[in-house]
Amino acid sequence: MVEIVPSILSADFARLAEEIASVERGGATILHLDVMDGHFVPNITIGPPVVASIRKATRAHLDCHLMIERPEQYAKAFIEAGANSVSVHYEACRHLDATLAMIKDAGAMAGVVLNPATPVAMLEDVLEVADYVLLMSVNPGWGGQKLIPYVLEKARKLCRMRREKKLAFPIEIDGGIHPENLAEAVRAGCEWIVTGSAIFHSSNAEATTREMREIAAQATAVRC
Ligand code: DX5
Ligand code: ZN
């Protein structure tokens, strides 16, 4: 099942509850929350208190994308704040297996994220442990960037690895997705389609969410 996953990074934070209600009316059931620390990526965004406030405003699945150093020190605080899934960067984890286990033990889905330049082959052995894999289709740090085309080939490769290993984890893609390239991401095997500026910088976030959900539903994944 393909899901359009709005990233609140491009929402108006002063009207966050309204912005969330609007994408939920458009059919979104998962929200993507980008956590940046000014070290792993140059930008700084939100921490656990904001996630706890969002938790009170919605029953949607909260998907926390940790773009931070030492994610193992902070993941639990985000789960206690209400995150349903937490993803950590392969590039930021010294002990990825242990960090994924810790996230699961704390009661959330555990995801692993790859920067554009990190090959999917690095995940070969850990795939059976991860609950989902997030492929960055831009260099992390900001919304509103252009999708890096070779990431779609990475999605196809990952999709093949998943089939060969008889696994079923969702593949998430994040960055530069808009109504015009969305079908291509679905055809490449992605199921959780993160999109920020295309939704929140449009004139009607609810209508754009609905429109993107329809495009995604019509695009069928090509067998990888
Ligand atoms: C970028 C973030 C993304 C961002 C995507 O580092 O991880 O989730 O919000 O924004 P768009 O859809 O505008 O590329
Ligand atoms: Zn993200």
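Modeller: Gladly! On a 1 Å grid over the protein atoms alone, a pocket is an open set of points with protein on both sides within 12 Å along at least five of seven lines, while a cavity is a set where a 1.4 Å probe fits but cannot get out; lining residues have an atom within 4 Å of a point. This is a predicted model, in which totals for linings use all residues. Residues are numbered from 1 along each chain as its sequence is written.

Biologist: Which residues line the largest pocket?

Modeller: Its lining is Glu69, Arg70, Glu72, Ala92, Cys93, Arg94, His95 and Thr99. By class, 4 are charged, 2 polar and 2 nonpolar (Asp, Glu, Lys and Arg count as charged; Ala, Val, Leu, Ile, Met, Phe, Trp, Tyr, Cys and Pro as nonpolar; the others, Gly among them, as polar). The volume of this pocket is about 150 Å³, meaning the space filled by probe spheres set on the points, with grid points joined across faces, edges and corners.

Biologist: How many cavities of 30 Å³ or more are there?

Modeller: The whole structure holds 1. The largest cavity has a volume of about 220 Å³. It is lined by 24 residues, and Trp142, Gly143, Gly144, Asp174 and Gly175 are the closest to its centre. That lining has 12 polar, 10 nonpolar and 2 charged residues.

Biologist: Which elements each supply at least two residues of that lining?

Modeller: They are β2 (30-36), β3 (61-67), β8 (192-195) and α7 (197-200). Helices (H or I, at least four residues) and strands (E, at least two) are DSSP runs, numbered from the N terminus.

Terms used:
Chains lettered and ligands numbered in written order. Predicted model: local features only at pLDDT ≥ 70, side-chain atom pairs only at ≥ 80, totals over all residues. Heavy atoms only, no water.
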